[in-house]
Amino acid sequence: MAFIETSYSINVTVQDKDGDTGTATMYMDGNALFAAVESVANVFRDTVQLLTDGVVTAVSVTKGYRNDQPINPAVGSEVERKGRFTFALADTRRHTVSVPALRDTLVFPGGHLINGNDANVLALTALIEASGTDAVGTDVVKILTAKEVISGRNRV
Amino acid sequence: MIAPPNAFVTTIFWQDKDGDTANCRIASSYALGYGNAEAYAMAFVVLASAISDAVVTHYTITAMYIEQYIPEAAPTSNVTRRMISILFLEYDNAFSLSVPSINQSAMAIDEGGMLTGLIDEEYTALLDYATLLGDVGTDEYGTPIALFVIAGIAT
C-alpha cells in the first residue's frame, strides 16, 4: 500500500442574497508545505471576495492522497458491513468511527460484538484514543463499544 | 474575520469487491499541526486496512475555516452568474475554474456607461486572481498552469 500526494484544493464558499452558495476553487502542487498553502488560501479568499458581490462564508484547504498500488478487494468484502467504534470524548459526548467491510473473523459468532482483544483492533482503538479528536477538536478519551452494523450502499 | 479550524478532518474512501464505495472520517487537533494529522491518517489507514476486507482507494485531509461575521450579500448577488476562466497547462491540456456571483464592478462598461456583460480585463482583482493562479496554481493533478484566459460570464 503506497499513497502518493495528488494536489491541494482550496475552496472558497460564496453565498448570495438568496442564501444559495457557490464555490471558487484553485489547486496547488501537493508537494507544497501546508503552511504555504494556508497563506495562499488567505490571499485567494481575499481575491475572490473582491471579484464577487456575494459574501465569503468559508474557506477549506484539502490535500488528496491516492493509493498508487491498489490490490483487489477480498472476495467477501462488502462495504455496508461496518465496524462501528464508539468513543467517549473529553466533554462526555460520543464520537464514532466506522470502518467499512469489517472482516467476518473479528465478530463473535451469533452476534454483532467485535472482538476487542484482537491485536489489530486493539492497535486501531489505541491509535484513535491517543491521536483522535472529533470534528471540532475535542479529544477522544476511551473506547466504549465496538460492534458490527449494516448500512446502505453507495454505488459508483 | 475568519476563524481557524479546531481540527483536521480526514476522509478515507474504500471500495469493495463489487465496486461499491464507502467512506469514514477521523479527525485530529489542528493545534498539533498538519504533520501530526498526516501521520495519524497514514497510521489509521494501515491499521484500519488490517481489519477490513475492502481497499482504501484514496483519502483527503481537510482544514475548514469558517467566517465568524458574514455581512449582507449585495442585492445583485447571484451565485449562478459565474466568471469562467480557462487555464491551459503544459502540452495544451486545459481546464476551467469559476468564481460565483461575479461582481458587477468587474464587468466592462460600454461608451454609454452600460454594463456589457463582459469582464473588464484590467480590473485589479482579476489581475490579482490571474497572477495568483499563474504563480502557484495547478490542475487537480498538480500540473502547473501555463496560460490564463478569461472565457466570460456564464449564467
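Which side chains meet in a salt bridge at 2.5 Å, N to O? In this predicted model, the side chains of E67(B) and R45(A) do so. The views below show the contact between the two chains.

**View 1. Extent of the contact between chain B and chain A.** Chain B contributes 85 residues and chain A contributes 84 residues. The area buried between the two chains is about 6900 Å², with 62% of it on carbon and sulfur atoms. On the side of chain B, the residues that lose the most area to chain A are K17(B), I51(B) and D53(B), which together account for 11% of what that side buries.

**View 2. Elements of chain B that touch chain A.** Two or more residues each come from several elements of chain B, including the strands β2 (7-15), β3 (20-29) and β4 (55-67) and the helices α1 (34-49) and α2 (124-136). The element that gives the most to this side is β4(B), with 13 residues. By class, the side of chain B that touches chain A holds 50 nonpolar, 22 polar and 13 charged residues.

**View 3. Strand pairing across the two chains.** β9(B) pairs with strand β2 (residues 21-29) of chain A. The pairing is antiparallel and runs over 2 bridges. Within β9(B), G137(B) is the bridge partner of M28(A).

Definitions and conventions. Residues numbered from 1 in each chain as written. Chains lettered and ligands numbered in written order. Predicted model: local features only at pLDDT ≥ 70, side-chain atom pairs only at ≥ 80, totals over all residues. Heavy atoms only, no water. Contact = heavy atoms within 4.5 Å. Buried area = accessible area lost by both parts, 1.4 Å probe. Salt bridge = Lys/Arg side-chain N within 4 Å of Asp/Glu carboxyl O. Helix = DSSP H or I, 4+ residues; strand = E, 2+ residues; numbered from the N terminus. Nonpolar A, V, L, I, M, F, W, Y, C, P; charged D, E, K, R; others polar. Pairing = 2+ DSSP bridges.
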